[in-house]
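Dear colleague,

Please find below the structure that I am handing over to you, with its sequence. My findings follow it.

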Amino acid sequence: EIASGWFSNLLDTLFAGACIALAVTIADNALPKESWWRLVVLLLVVLAASLAAQCVLTWAHYPPGYYPDAIQLTGDALRYAILASLITLVYAVQKRNAHCAKRLQQFEIDRISLDRRMLEAELQVMEAQIEPHFLFNTLNTISALMHRDVEAADAMIARLGDLLRQSIETVDVQEVALAHELDFLRKYVDIEQARFQDRLTVT
């Protein structure tokens, strides 16, 4: 009899728990995610589901005319509602914390992306400022070389052409291979050494 009563009580508890879990899941998906009254509604749903489950269990266990009074029915329902309310409270707090952590992570991703775009914009501005000066100085050097060393001027034009061609190939690229970058810098240094002669030493 003890085992039978315990098993019957276990089935009642599982039935009530399933009813409460189903009601909370439906309410949780239907309620707005950011509402301040969300937790209050969930707790009211727990209480209502507990009462409904207890009514069904009372109907199943008692014959007509022998139903317990409202006080006993409410007490039995509160037995389920109190424990379910604690579980729901923990669930709601953990879900809110997870939601806040996810939003914080998204904010951090957006901030890193914005910082990267700002750095790219600053780099483009710097390149736009440097390139006209570089071209102007290089063309002046070529113009000066044309009067005293045509071969050197021709070699410098070839270097400048290679450099500009390589620069155009990577105009919209933010990351390039190290070998490509070193080759680009080598051409740049060759042009600068032709301009400054012995005044420039590169290590």
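Is Cys100 buried, partly exposed or exposed? Its relative accessibility is 39%, so Cys100 counts as partly exposed; buried means under 20% relative accessible area, exposed over 50%, and partly exposed in between, with a 1.4 Å probe and protein chains only.

The model is predicted: local features need pLDDT of at least 70, side-chain atom pairs count only at pLDDT 80 or more, and totals for chains, interfaces and linings use all residues. Residues are numbered from 1 along each chain as its sequence is written, and side-chain values use heavy atoms, with hydrogens and water left out.

Cysteines

The structure holds 0 disulfides, a disulfide being a pair of cysteine sulfur atoms within 2.5 Å. For Cys19, the closest cysteine sulfur is that of Cys55, at 11 Å, which is too far for a bond. Cys19 is partly exposed, at 26% relative accessibility.

H1 and H2

Helices are DSSP runs (H or I, at least four residues; strands are E, at least two), numbered from the N terminus. H1 and H2 pack with their axes 8 Å apart and at an angle of about 145°. Axes are lines fitted to C-alpha atoms, for helices over the stretch in contact, and angles run from 0 to 180 degrees between N-to-C directions. The crossing of H1 and H2 is right-handed; a crossing is right-handed if the near helix is turned clockwise from the far one by less than a right angle, and left-handed if anticlockwise. Cys19 is among the H1 residues in this contact, as are Phe15, Ile20 and Val24, and the H2 side includes Leu42, Val46 and Leu57; contact means heavy atoms within 4.5 Å. By class, 14 residues of the contact are nonpolar, 3 polar and 3 charged. Here Ala, Val, Leu, Ile, Met, Phe, Trp, Tyr, Cys and Pro count as nonpolar, Asp, Glu, Lys and Arg as charged, and the others, Gly among them, as polar.

In the loop between H1 and H2 lies Pro32, which is partly exposed at 42% relative accessible area. Not counting residues up to four places away in sequence, Pro32 touches Trp37 and Arg38.

Nonpolar cores

A nonpolar core is a set of buried Ala, Val, Leu, Ile, Met, Phe, Trp, Tyr and Cys residues joined through side-chain atoms within 4.5 Å. The largest has 14 residues, and Ile20, Val24, Leu42, Val46 and Tyr80 have the most contacts inside it. H1 (2–30), H2 and H3 (70–145) each supply at least two residues of this core, and H2 gives the most, with 6 residues. A second, separate core of 9 residues includes Ile142, Leu160, Ile191 and Ala194.

Gln54 is also found in H2 (residues 38–61). With 7% relative accessibility, Gln54 is buried, and beyond its neighbours within four places in sequence it is in contact with Leu73, Asp76, Ala77 and Tyr80.

H4 and H5

H4 (residues 150–169) and H5 (residues 178–196) pack at an angle of about 150°, and their axes are 10 Å apart. Their crossing is left-handed. Leu160 and Leu163 are among the H4 residues that meet H5, where Ile191 and Ala194 are among the partners.

In the segment after H5 is Gln197, whose phi is near 55°, a positive value in a residue other than glycine. Most residues other than glycine have a negative phi. Gln197 is partly exposed, with 47% relative accessibility.

Yours sincerely
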